[in-house]
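Biologist: Could you take a close look at one part of this protein with me? I'd like to hear about the aromatic rings.

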Amino acid sequence: MKRRNVYIGMALIAITTAAVFTFLFLNQTKAVDTGLLKVLDPNGAPSYSMSLTGDFNKPFEKPMDVTANGSFTYVSDTNNKRVVAFDAGGNLLFAFGEEGTGKGQFKFPYGIATDNQGRVFVADLYNGNISIFNEKGKFIDYFAKKTFTEKNISSPAALRIIDKKVYMTDIKTNKAYVLDMNGKLLLEVGKPGTKEGEFNAPNGITTDGEGNIYVVDTGNQRVQIFDKDGKFVKIINGSTNGQGESIFVNPRGIGVDSRGIMYVVSNLTHFVYGFDKDGKKVFEMGGMGENNGQFSLPNGLFIDKNDNVFITDTLNIRIQVFN
């Protein structure tokens with residue numbers, strides 16, 4: 001009798017185990033079908049991870065752009081005329097900059113990027129320059145002063161450093177520029193207008209793994225893509241072939257992750273959209289609100305080498321991180 005009870009108990013355990021694994025398998029399959037398991041969804045949206053907030057004694061006031069290099073995350077705290085630095089864990093470390101027109105001072109710090117030496121480059125939209133600082137915020141020099149003068153660049157906006165090249169947009173000239181790390185002009189893209197290859201107040205800029213250049217053409221409510229030589233490729237605005245009505249309203253930040261998914265911030269709709277390599281919308285994230293994963297006038301977007309996505313949530317005075 002005892003042996004029979006043991007066998008019955010073992011059978012019940014086996015049946016229960018099988019039932020549990022069947023339940024988990026079916027629910028996992030269902031999760032894949034609904035896109036909940038990002039690791040198995042090649043076009044899935046990232047998930048909320050954490051938020052970065054400023055000092056309680058001096059909170060963010062219009063954080064506009066963000067960059068990260070593995071050691072530090074830097075935020076252009078625009079209306080406070082400074083840059084705020086966090087460590088990789090999201091802890092507030094220090095800030096640098098003050099209002100003014102001199103060295104290490106800002107009037108409207110906006111685009112921000114770091115190079116492989118840890119230096120921090122900050123585009124000042126109103127002072128019309130790009131300042132270079134060391135990783136702790138000590139002013140070093142101005143970037144590309146000769147090129148700025150020769151090309152009448154006076155309103156630098158977005159700024160990214162990729163593969164030892166500086167990519168930037170200028171709102172007044174309505175152009176995008178590519179420079180080497182010494183400030184020499186390598187490529188000039190666009191001109192004022194509404195046609196293909198023309199810009200109206202260009203903003204965000206980035207590249208993909210093939211060297212194609214992505215420019216957010218804010219005033220024309222679209223993203224334009226150019227090859228590495230500056231030749232126009234296509235328009236993306238959420239419509240078929242980029243020829244219909246745009247889903248963007250005041251688009252700003254942009255980034256491309258390791259999958260080739262392009263992220264675009266639509267500032268006035270409070271959404272971030274994802275597009276595949278063919279320009280098809282594959283997800284949207286956000287919506288207006290104060291909860292985690294929601295936005296109020298998002299602006300800057302940066303994707304690091306580990307596909308962590310940093311988004312400046314301007315009116316919610318925070319930076320949200322997704323992965």
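Which residues form one aromatic cluster?

Modeller: The cluster is made up of F72, Y74, F94, F96, F106, F133, F139 and Y142. Before we go on, a word on the ground rules: this is a predicted model, where local features need pLDDT of at least 70, side-chain atom pairs count only at pLDDT 80 or more, and totals for chains, interfaces and linings use all residues. Residues are numbered from 1 along each chain as its sequence is written, and side-chain values use heavy atoms, with hydrogens and water left out.

Now, the rings. A pair of aromatic rings is described by the distance of the centres and the angle of the planes. Here, rings of Phe, Tyr and Trp (its six-membered ring) pair if their centres lie within 6.5 Å; planes under 30 degrees apart are stacked, over 60 edge-to-face, and the rest tilted. That rule gives 20 aromatic pairs. One of them is F108 with Y110, edge-to-face at 6.3 Å centre to centre and 80 degrees between the planes. F108 is buried at 9% relative accessible area, and Y110 is buried at 4% (buried is under 20%, exposed over 50%, partly exposed in between, with a 1.4 Å probe and protein chains only).

Then there's F121 with F143: their planes sit at 75 degrees with the centres 5.6 Å apart, so this pair is edge-to-face too. It links distant parts of the chain, 22 residues apart: F121 is in strand β9 (residues 120–124), while F143 is in the loop between β11 (139–142) and α2 (145–151). Helices (H or I, at least four residues) and strands (E, at least two) are DSSP runs, numbered from the N terminus. Both F121 and F143 are buried.
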